[in-house]
Amino acid sequence: MLRVGLLGAGRIGRVHAQAIAAHPKSQLCAVSDAVADAAESLASEYGAAVRSSGEIIADPSIDAILIATPTDTHSDLIETATQAGKAVLCEKPVDLSLERALACKSVAEASGQPVMVGFNRRFDPSFSSLKSAVDNGEIGAPEMLALTSFDPAPPPVSYIKVSGGLFRDMMIHDFDMANYLMGQLPQQISAVGSSLVDPAIGAAGDVDTAVVTMTYADGRIAVIKNSRRATYGYDQRIELLGSGGLLQAKNILENAVVKSTADGVTGAKPTYFFLERYLPAYRAEWDAFVQAALSGAAMPVTLDDGVAALAMAEAATRSAQSGRPVGMDEVLKPVAK
Ligand SMILES: NC(=O)c1ccc[n+]([C@@H]2O[C@H](COP(=O)([O-])OP(=O)(O)OC[C@H]3O[C@@H](n4cnc5c(N)ncnc54)[C@H](O)[C@@H]3O)[C@@H](O)[C@H]2O)c1
């Protein structure tokens, strides 16, 4: 049995609490949150204790820490938790700064403790089936990837302000998915971004609509489209063209009914947002973490994966700001040891 402390009882912390409590080999023992009421209400649902993050990390009876606090706290908490001998599952992204994330990776590696980064989309049943088909050579060599990721509505501007911007906060999932499916880092990234959804997001210095084009050393291409607004729900699609065919993962709809009449053909909307769409993925992600933590096997998503996606987000941010393509070496060389 894995005894777990959860740090952060916000939107995603509540999802993880459910997965921890539902798993037969994990137990939610303690919850912390900067807001006492948030921790109290979540802990009481699961019979867990309310403690400070420091107390939970220092508790020798806790085996694993799940970090679901705001991004600017992740590196510090990963370092403290791994140095205290805990296995860690940390939400994406690893940090707002690539340099800080790399320093955190060194500290975590020196501790010898396993760390998994919460790229939940790898555990989505449709996306992982698509990945298996790629690995089995079912479409030959993958050549052109298109990822679509539109949220139904933007988060509060208070969240945007500490999020690191769309490329680090939102598109980071797509950068990781591109790495997962294409099997290597791109060579160069070009990005454009606009604030079309909410002027307050633009005023906060961020964009809410963006397109990224990535080129690989062998000539392959990937395109990512993000928007913080899709009036019809959470739009999450993958299209991968290979030398021997096409793979598509379409949206999961609220129901499977299609109505055909003289007026046209209509169906249900996509599920509303990440809580609905990725619930099975969060559960599968947690199961993969528990299996690895209990068996000592390698974590299926590592800090290296987290750093790679963050480096791509950094390149995209620079490209959108400068209006020119940015090579991954421009981002990685200055921080390489
Ligand atoms: N994988 C995903 O699908 C996914 C989805 C949403 C958010 N996230 C990530 O999860 C993190 C949290 O996002 P959220 O949407 O749940 O935010 P949120 O604001 O809803 O929740 C964060 C919570 O952490 C608490 N908190 C702040 N500092 C703390 C500290 N030092 N110790 C303990 N608690 C602290 C806040 O009071 C808040 O309740 C972010 O890094 C975000 O990028 C991932």
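Predicted model: local features only at pLDDT ≥ 70, side-chain atom pairs only at ≥ 80, totals over all residues.
View 1. An unreviewed UniProt entry lists residues 2-119 as "domain: Gfo/Idh/MocA-like oxidoreductase N-terminal".

**View 2. Residues 131-327 are 37% helix and 27% strand.** Here the end C-alpha atoms are 26 Å apart. For this stretch, the unreviewed UniProt entry gives "domain: Gfo/Idh/MocA-like oxidoreductase C-terminal".

**View 3. Helix 6 spans residues 125-135 and has F127, L130, K131, A133 and V134 as its buried residues.** Look down the helix axis and you will find these buried residues within an arc of 160°, so they line one face of helix 6. The partners that the buried residues of helix 6 pack against are strand 7 (142-150), helix 9 (172-182), strand 11 (235-242), strand 12 (245-249) and helix 11 (274-277).

View 4. At its start, a side-chain oxygen of D124 comes within 3.1 Å of the backbone nitrogen of S126. Just after the helix, G137 adopts a positive phi of about 75°.

**View 5. The count of disulfides, taken as cysteine sulfur pairs within 2.5 Å, is zero.** For C29, the nearest cysteine sulfur belongs to C90 and is 19 Å away. C29 counts as buried, at 12% relative accessibility. C90 in turn has the sulfur of C104 as its nearest, 7.6 Å away, and is in no disulfide. C90 is buried too, with a relative accessible area of 2%.

Notes
Residues numbered from 1 in each chain as written. Heavy atoms only, no water. UniProt positions renumbered as here; feature names shortened; annotations may be inferred. Helix = DSSP H or I, 4+ residues; strand = E, 2+ residues; numbered from the N terminus. Buried < 20%, exposed > 50% of the residue type's maximum accessible area, 1.4 Å probe, protein only. Arc of directions from axis to C-beta. Contact = heavy atoms within 4.5 Å. Polar contact = N/O pair within 3.5 Å; in protein donor to acceptor, adjacent residues only side chain to side chain.
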